[in-house]
Amino acid sequence: MIKSILNKSSFTHSDIVQLLEANKQDTKILFAHSSKIKEHYIGNKVYLRGLIEFSNICEKNCYYCGIRKSNKNTKRFNLNDEAILSAALFAYKNNYASLVLQSGEIQSNSFTSRIEKLLRKIHKLSQGTLGITLSCGEQNKNTYERWLKAGARRYLLRIETSNRTLYKKLHPNNNMHSFDKRIECLQSLKELGYQTGTGVMIGLPFQNTTDLANDLLFMKNFDIDMCGMGPYILHKDTPLYKYTSTLLPIQKRLELSLKMVAILRIIMKDINIAATTALQAISSNAREHAVEIGANVIMPNITPDNYRDDYHLYQNKPKSININSQNTEHPKTTFFGNAEIGFGKYGDSPHFLKK
Ligand code: 5AD
Ligand code: SF4
């Protein structure tokens, strides 16, 4: 039965729900199919994005997130420019070819111009060779445009869930946390010509497979270029923690996340899909598994080690690499699982390049 779905040229919502609810045996068939699609359309490479989590200061109060503004138990940090640039230099020297600058969300003139200057400096230190992705939340179109002009090429802004009612349950009900604004930002990024990435959390309270199927269709309809999605993971200092008993067991959330990656690969054959850190927080080889069945991007955390433990979106977040020691997450071989690491390659989304 699963084979008849997989043989279709496009999936309906109910096909996707059935795939998400597949039993163990059918899941194996799904994964074998998505692996083949990946190999055929993308090849066996996995591309690197050095992730710099440069500040955990955030003006927002998302109910799921450990660095939300109201969490007084978080030690706040904001890396100075020198530390950010030295991490960028690490990425450049180690042939990562791309990096991601990620932070909590701040909308201000000084934040906008700080990022603008950093982009120009990173451009200079890498002789224009580092592909820079930003993940700094919702901003107005003019800010996105300034950052694009200063050298950013890709932007990650997760929709978190495509279900507007669920979105409301996960965020305070005010202008700062508006579903429509999030969509508007994604539109702006796309219009400006960014390689645009989004994603969702999987296994959230109140979320079901109908929602997740809609999430995948949302990404397809929006025609995204990149996706980063992963399991929802608890954080005890957040309002959502009280729903812990309603959640799927963690292994089920992991399995569902892998199915989401596999199905997305089948319905969007040539986009970039990241094997996210949240997967790794559940199981040490989950990212390798995600790469095997559909993902083609990994984001080794290269935030300098004095700050690495303070960027706590969720519990059990894996440690980042220590760029000054041997104990690093920096790949030591040219393979990640069975995939060959694309050192020195931008690894742009083929989907974007064809547009
Ligand atoms: N579990 C999993 N992912 C989370 N994020 C924030 N909090 C959590 C959590 N508790 C994700 C959100 C956000 C990204 C930066 O981190 O999807 O967009
Ligand atoms: Fe801030 Fe992003 Fe966390 Fe929301 S998810 S509180 S915007 S860092």
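Where does ligand 2 sit? Ligand 2 sits in the largest cavity. The model is predicted: local features need pLDDT of at least 70, side-chain atom pairs count only at pLDDT 80 or more, and totals for chains, interfaces and linings use all residues. Residues are numbered from 1 along each chain as its sequence is written, and side-chain values use heavy atoms, with hydrogens and water left out.

View 1. A cavity is a set of points, on a 1 Å grid over the protein atoms alone, where a 1.4 Å probe fits but cannot get out. A molecule sits in a cavity if more than half of its atoms lie within 2 Å of its grid points. Cys58, Lys60, Cys62, Tyr64, Cys65, Ile67, Arg68 and Gly104 surround ligand 2 (a heavy atom within 4 Å). This shell holds five nonpolar, one polar and two charged residues; Gly counts as polar.

**View 2. The shell of ligand 1.** The space taken by ligand 1 is the largest cavity. Around ligand 1 stand Tyr64, Cys65, Gln102, Arg158, Glu160, Met201, Pro231, Tyr232, Ile233, Leu313 and Tyr314. They divide into eight nonpolar, one polar and two charged.

**View 3. Polar contacts of ligand 1.** A polar contact is a pair of N or O atoms within 3.5 Å. A polar side-chain atom of Glu160 lies 2.5 Å from an oxygen atom of ligand 1. For Arg158, a polar side-chain atom lies 2.8 Å from an oxygen atom of the ligand. Ile233 uses a backbone N or O atom, 2.7 Å from a nitrogen atom of ligand 1. The protein covers 88% of the 400 Å² of accessible area that ligand 1 has on its own (Shrake-Rupley method, 1.4 Å probe).

View 4. The side chains of Arg164 and Asp180 form a salt bridge at 2.9 Å, N to O (cut-off: a side-chain nitrogen of Lys or Arg within 4 Å of a carboxyl oxygen of Asp or Glu). Arg164 lies in helix α7 (residues 164-170) and Asp180 in helix α8 (residues 179-192), so the pair ties together parts 16 residues apart in sequence. Helices are DSSP runs (H or I, at least four residues), numbered from the N terminus.

Note on methods: Chains lettered and ligands numbered in written order. Polar contact = N/O pair within 3.5 Å; in protein donor to acceptor, adjacent residues only side chain to side chain. 1 Å grid on protein atoms, 1.4 Å probe; cavity = no way out; pocket = protein on both sides within 12 Å on 5 of 7 lines; lining within 4 Å. Helix = DSSP H or I, 4+ residues; strand = E, 2+ residues; numbered from the N terminus.
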